[in-house]
Amino acid sequence: MSRPKVVPLRRPAADDADEAEALRQQVCALEDQLRRARESSEGRPGPLVAAARLLQELRGGLSWEKAARFWSDVYFSYHSEDVDEFGHDARFSETLMPLFEFLYAIWWRVEAQGTTHLPGEGAGLIVANHSGVLPYDGIMINLAVRHEHPARRTCRMLALDMFALLPFLAPLLSRSGAVRANPDNAERLLRKGELVGVFPEGVKGVGKPFKDRYRLARFGRGGFVRIALRTGAPIIPCAVVGAEEIHPMVGQANWMGKPLGLPYFPITPTFPLLGPLGFVPLPSKWSIEFADPVRLDAYGPEGADDPILVNRISEEVRSTVQRMIDGRLARRRSVWFG
């Protein structure tokens with residue numbers, strides 16, 4: 001007895017098309033995942049590449065998904081997804097580096113001396129004078145350490161609350177490596193073996209009038225000395241000459257600064273007279289000098305509880321920085337040419 005012949009039923013053409021479309025979408029999804037995985041491991045595309053891809057995809061029409069993907073590509077072309085505990089974004093820093101390098105090497109022609117006094121490894125606390133209205137001196141100290149020190153170290157600068165809490169400036173500072181100035185942050189960095197930079201003059205230094213240029217204000221209550229004693233980090237005095245002339249402050253309009261949360265509102269020969277152009281710093285000649293480290297190992301952490309010792313060391317460091325500034329000014333022949 002013969003078996004009945006089984007004839008397979010053929011799917012309609014529409015079913016074949018649906019299956020092919022579903023398979024095509026799966027392949028596209030897998031290709032998109034592979035592309036994004038490759039970009040995350042090799043680096044995001046630059047903004048021009050992202051714009052070219054958007055223009056290519058616009059042939060199929062603009063959608064919210066394409067716009068969101070374009071914005072993500074542009075944002076992560078100069079931001080990374082990984083930041084440290086203080087918000088430092090290494091990729092963002094490298095994006096800004098050409099501008100900072102231009103200011104360091106060409107605009108201000110910075111000369112750095114004494115970088116060999118900085119420790120080759122381990123913690124160190126750089127104590128410098130502060131000036132210039134805007135915190136360019138911290139950036140230039142970091143570049144001096146990075147370029148001139150044999151170990152090419154990085155210095156984490158402590159930013160005043162005046163700058164670290166401003167909505168338009170705080171993200172820029174934190175992502176570029178600056179840290180809000182408080183004792184806890186400084187101790188955490190030093191205990192990790194970092195180089196840390198601090199400006200004990202605070203707002204009094206950066207906001208001094210031009211007639212008081214290069215006259216150091218009081219170094220607070222010696223907080224930086226207590227931090228150095230607790231962590232055992234050496235103190236390296238640092239003198240910056242040239243920053244006082246980039247924004248010569250001839251007056252203040254504090255009635256305008258207080259509503260903005262600023263301790264002072266500077267008036268310079270170019271600001272606010274020239275509007276946004278007033279923010280362009282003048283091309284003075286800079287010098288940055290580091291002195292021999294002041295080692296505090298003999299006092300131990302308990303020395304931080306001795307106010308007389310703290311005040312004495314603070315005044316010694318302040319006097320050292322002032323002598324370095326005075327010596328450099330005596331040798332300087334021109335504000336613009338050094």
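Q: In this predicted model, which residues form a nonpolar patch on the surface, and what is their accessible area together?
A: Welcome to the structure, which is a predicted model. The patch on the surface is nonpolar and is formed by L273, L274, L277 and V280. Taken together, these residues have an accessible area of about 430 Å².

Q: Is V280 buried, partly exposed or exposed?
A: V280 sits in the loop between β8 (266-267) and β9 (287-290). Buried means under 20% relative accessible area and exposed means over 50%. With a relative accessible area of 42%, V280 is therefore partly exposed.

Q: Where does S93 lie, and is S93 buried or exposed?
A: S93 is part of helix α4, which covers residues 90-107. The relative accessible area of S93 is 9%. Buried means under 20%, so S93, at 9%, is buried.

Q: Which residues is S93 in contact with, leaving aside its neighbours within four places in sequence?
A: Here the neighbours of S93 within four places in sequence are set aside. What remains for S93 is contact with H88, R175, S176 and G177.

Q: How many aromatic pairs are there, counting ring centres within 6.5 Å?
A: Rings of Phe, Tyr and Trp pair if their centres lie within 6.5 Å. By this rule the count of aromatic pairs is 6.

Q: Is the pair of W108 and Y136 stacked or edge-to-face?
A: The ring centres of W108 and Y136 are 5.2 Å apart, with 70 degrees between the planes. This pair links distant parts of the chain, 28 residues apart: W108 is in the loop between α4 and β1 (111-113), and Y136 is in helix α5 (residues 136-148). Planes over 60 degrees apart count as edge-to-face, so the pair of W108 and Y136 is edge-to-face.

Q: Is the pair of W108 and W286 stacked or edge-to-face?
A: For W108 and W286, the distance is 4.5 Å centre to centre and the angle between the planes is 20 degrees. This pair, too, links distant parts of the chain: W108 in the loop between α4 and β1, and W286 in the loop between β8 and β9, 178 residues apart. Planes under 30 degrees apart count as stacked, so the pair of W108 and W286 is stacked.

Q: Which residues do ring pairs link into a cluster?
A: W108 pairs with Y136, and W108 also pairs with W286. W108 and W286 are each buried, with a relative accessible area of 0%, and Y136 is buried as well. The cluster linked by ring pairs is made of W108, Y136 and W286.

Technical notes
Residues numbered from 1 in each chain as written. Predicted model: local features only at pLDDT ≥ 70, side-chain atom pairs only at ≥ 80, totals over all residues. Heavy atoms only, no water. Patch = residues over 30% accessible without salt bridge, like charges linked within 9 Å, V, L, I, M, F, W, Y side chains within 5 Å. Areas by Shrake-Rupley, 256 points an atom, 1.4 Å probe, with all protein chains shown as cover. Salt bridge = Lys/Arg side-chain N within 4 Å of Asp/Glu carboxyl O. Helix = DSSP H or I, 4+ residues; strand = E, 2+ residues; numbered from the N terminus. Buried < 20%, exposed > 50% of the residue type's maximum accessible area, 1.4 Å probe, protein only. Contact = heavy atoms within 4.5 Å.
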